[in-house]
Each structure stands twice: as C-alpha cells, then as structure tokens.
Amino acid sequence: MKINFKNQKGFTLVELLLFMGIFSILIVALFQLLTSIFDVQFESQSTAGVSQDGRFILNRLSYDIGKATSFTNPDIGSQSSALQFSDGSKTLTYSLANGNLTLASTPSGTVDELNSFNTTVSNVSFLRLADTSNKNDTITASFTITSKVIRRGEAESQNFKTTVGIRQ
C-alpha cells in the first residue's frame, strides 16, 4: 500500500518553526511595551503623590498659621523641627515622626499624619520671624517630600518652602 502525502493537508515542520519564531518576537515586543507602560504609570504616580502631598501640607500650614493667636515654639528668630501654636481654642503641634509630618491637637488629643503612605517627609524646619513693634509673627516652613516608589534606581523627591503670617 502506497500513501500519497501530496494530497494531505497540514503544516510542515518548517512552517511551524517559522510561526513560532514570529509569534515569539511578537510576544517579546508586547511584553516590553507593557513593562514600559507600567514604568510610566509608576513614575507619574510617584511625581503626582509628591506634588499632591506637598500642596496639601503647604495649604494646611497656611490655613492653621493664619488662624494662630500665639506661638510657643520656635522662639522669635530661632529655627526648630517642630511648630507649636494656639488658635485660641486649641494648641496645634506640627512635628516629624518616623518620616511622617504629624499634626497633634490638644485638648482633643488627635494626631493626624499629613502625608500619604506612599511618601516620606524629611528636613522639616520652621523659622519664626516677628516685627518687634507690633508682634506680627511670620513662620517660614520648609520640608522635603520623597516618594517611596523607586523608579529607575531613584525616588522622586521635591523641596517645599512657604512663608505665612498671622492674619490680624
């Protein structure tokens, strides 16, 4: 019995190898595209998180300091890593704890972390200035926010600084 292979349908070994090679190249290209999309997403989340936390902290400081009636820490002309003042009804304390900028309020006893869990705060500094003639206190606050998301070997970091005076 003689079998005629010319009339049978199917794929040859060369055709299968060629298909597998082209398919492998396509899969590798799609994988590289997907990883670059994730890199860009992580980078934008890192940058946005640092900027968002910085703006929030600056706005919160401006709001609270603007309502202050008296400052306890730092003394006039001195610099400190903590800021403590009263707004008439409560005492607020800004300080750094374990890489988080915290806001403690007494007598309520609440302590809030002002930065998100994806960022850390460092280099916190408060400088108190005052006009000795009319006691118009002004606070200069500066800090650095660093993202915990590391991209391409380095974390996103940004310095923030503001000067706020008491509203009279």
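In this predicted model, the side chains of Asp 64 and Arg 60 are joined by a salt bridge, with a distance of 3.0 Å from N to O. The two residues stand four positions apart in helix 1, and Asp 64 and Arg 60 are therefore separated by about one helical turn.

A search of the whole structure finds three salt bridges. Another of these links Lys 90 to Asp 87, with the closest N and O atoms 3.2 Å apart; here Lys 90 is partly exposed at 30% relative accessibility, while Asp 87, at 16%, counts as buried. In the salt bridge between the side chains of Arg 128 and Asp 137, the N to O distance is 3.2 Å, and both Arg 128 and Asp 137 are buried.

Helix 1 comprises 54 residues, which at 1.5 Å a residue should span 80 Å, and the distance of 79 Å between its end C-alpha atoms agrees with this expectation. Among the buried residues of helix 1 are Ser 46, Gly 49, Ile 57, Leu 61 and Ile 65.

The largest pocket has a volume of about 160 Å³. Of the 13 residues that line this pocket, Gln 45, Gly 49, Gln 52, Ser 116 and Asn 118 are the closest to its centre. Helix 1 (13-66) and strand 8 (136-151) each contribute at least two residues to the lining, and the largest share, six residues, comes from helix 1. By residue class, the lining of the largest pocket consists of four nonpolar, eight polar and one charged.

Key: Residues are numbered from 1 along each chain as its sequence is written. This is a predicted model: local features need pLDDT of at least 70, side-chain atom pairs count only at pLDDT 80 or more; totals for chains, interfaces and linings use all residues. Side-chain values use heavy atoms; hydrogens and water are left out. On a 1 Å grid over the protein atoms alone, a cavity is a set of points where a 1.4 Å probe fits but cannot get out, and a pocket is an open set with protein on both sides within 12 Å along at least five of seven lines; lining residues have an atom within 4 Å of a point. Grid points are joined across faces, edges and corners, and a volume is the space filled by probe spheres set on the points. Ala, Val, Leu, Ile, Met, Phe, Trp, Tyr, Cys and Pro count as nonpolar, Asp, Glu, Lys and Arg as charged, and the others, Gly among them, as polar. The expected span of a helix is 1.5 Å times one less than its number of residues. Buried means under 20% relative accessible area, exposed over 50%, partly exposed in between (1.4 Å probe, protein chains only). A salt bridge is a side-chain nitrogen of Lys or Arg within 4 Å of a carboxyl oxygen of Asp or Glu.
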